[in-house]
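Subject: Structure handover and notes

Dear colleague,

I am passing on the structure that we talked about, together with my notes on it. Please open it beside this email and read the two together.

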Amino acid sequence: MTANSQWNGQFSRFNLVAKTAERCRTVVLVRELAIGADNFVVMAGPCAVESEHQLLATAEAVAAAGAQVLRGGAYKPRSSPYSFQGLGVEGLKILNKARQETGLAIITEVMSEEDVDVVAEYADIMQVGTRSMENYALLEALGSCGRPVLLKRGMTARLEELLQSAQVIAEAGNPDIILCERGIRTFETATRNTLDLAAVPVLKTVSHLPVIVDPSHGTGVRALVPIMARAAAVIGSDGLLIEVHPTPEKAWSDAAQTLSFEEFDEMMRDLRRYVSMALAFEAIGPQLLVAGGAN
Ligand code: PEP
Ligand code: MN
């Protein structure tokens, strides 16, 4: 390995996902949508698919506000076994109907390697949740699923570990990976998670993969979502993942962080000028990284 190819330190050993002189940027194509190009892509929708009415109403509202991708979990990883676990295949069929009616691409979570085929039948992007970032059987199965993967950072994972999981998917045959910063667990309790926005310029420097930010799970607080979305846009994120529901206070999961249609529309209008301020990360380069963790 030449000195030049090692500039990104410990990250360079993930050779399929690390940035090199030859491979600076991956653009992930989702139907006609390019993620990681110069456009800013917003994925929005409810935490969970609850009913056809709920999802179709949300799909229309987020499309009208400018979102390009509809999100909604049909398989829900819940911390409590007594919480709603998702509608499963019925939820996937509702997502499919929303795509037919609005033209939005669909992102939905896959939790188990056994579900990869059925989720890939309906989804345009396969979401790997924070709790599954280290589910290697799932990551390997996604290598041959034929769909792009959105890989969320584990809530206790270092960026190195996130890239390691991305490398597993790429090694298994799937180069179309989008990284997602969704907040990590720290000693802070004022927010649900600590949204690590520095992850964006670091990941954009060491990896060629697109990076998006999820300020909904990253804060857990509805009022903080639009302001952190602004920040994500300015620091060069390739897009956002946002939870939206017709009646957020009645959402079956993640109510406290979910935006109403009006709040989402306002956020999208507000974001335009911040997106145009985004920094050019190609310009930052290797000097961003100081090796080691010494204070
Ligand atoms: C979600 O996107 O609804 C979700 C469960 O996210 P995370 O895996 O980041 O908690
Ligand atoms: Mn959620």
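The notes below go from the whole chain to single residues.

Before anything else, please keep in mind that this is a predicted model, in which local features need pLDDT of at least 70, side-chain atom pairs count only at pLDDT 80 or more, and totals for chains, interfaces and linings use all residues. Residues are numbered from 1 along each chain as its sequence is written, chains are lettered from A and ligands numbered from 1 in the order in which they are written, and side-chain values use heavy atoms, with hydrogens and water left out.

**The chain as a whole**

The secondary structure of the chain comes to 9 helices and 10 strands (these are DSSP runs numbered from the N terminus, helices being H or I with at least four residues and strands being E with at least two). The radius of gyration, taken over C-alpha atoms, is 18 Å, close to the 19 Å that the globule rule (2.2 Å times the number of residues to the power 0.38) gives for 295 residues, so the chain is as compact as a globular protein of that length. Along the principal axes, the C-alpha atoms fill a box of roughly 55 × 40 × 40 Å.

Of the 295 residues in the chain, 55% are buried, where buried means under 20% relative accessible area, exposed means over 50%, and partly exposed lies in between, with a 1.4 Å probe and protein chains only. The accessible surface comes to about 12700 Å², and 52% of it belongs to carbon and sulfur atoms (areas come from the Shrake-Rupley method with a 1.4 Å probe, and for residues only the protein chains shown count as cover). If we take contacts (heavy atoms within 4.5 Å) between residues at least 6 apart in sequence, 70% of them join residues at least 24 apart.

**The metal site**

Which residues coordinate the manganese ion (ligand 2)? The donors are Cys47 (SG), His217 (NE2), Glu243 (OE) and Asp254 (OD), at 2.0 to 2.4 Å; donors here are N, O and S atoms within 2.8 Å of the metal (3.2 Å for Na, K and Ca), and because water is not among the atoms, sites may look incomplete. In sequence, the donor residues follow the spacing C-x169-H-x25-E-x10-D. Cys47 counts as buried because its relative accessibility is 5%, and Glu243 counts as buried at 0%. Asp254 is placed in the loop between β10 and α9 (261-275), and its phi is positive, about 55°, although Asp254 is not a glycine.

**The nonpolar cores**

A nonpolar core is a set of buried Ala, Val, Leu, Ile, Met, Phe, Trp, Tyr and Cys residues joined through side-chain atoms within 4.5 Å. The largest one has 71 residues, of which Met126, Leu151, Leu179, Leu240, Phe264 and Met267 touch the most other members. Helix α5 gives the largest share of this core, 7 residues. Apart from it lies another core, of 15 residues, among them Val41, Ile107, Ile178 and Cys180.

Ile107 lies in strand β5 (residues 105-109) and is buried, because its relative accessible area is 0%. Leaving aside residues up to four places away in sequence, Ile107 touches, among others, Met43, Val69, Ile125 and Leu150.

**A buried arginine and an arginine in a loop**

Is Arg153 buried or exposed? Arg153 is buried, because its relative accessible area is 5%, and it lies in the loop between β7 (149-152) and α5 (159-171). Its side chain is joined to that of Glu181 by a polar contact of 2.7 Å and to that of Asp196 by one of 2.9 Å (a polar contact is a pair of N or O atoms within 3.5 Å; within protein, one must be able to donate a hydrogen and the other to accept it, and residues adjacent in sequence count only if both atoms are side-chain atoms).

Arg31, in the loop between β1 (28-30) and β2 (33-35), counts as partly exposed at 48% relative accessibility. Phi of Arg31 is near 50°, a positive value in a residue other than glycine.

With best wishes
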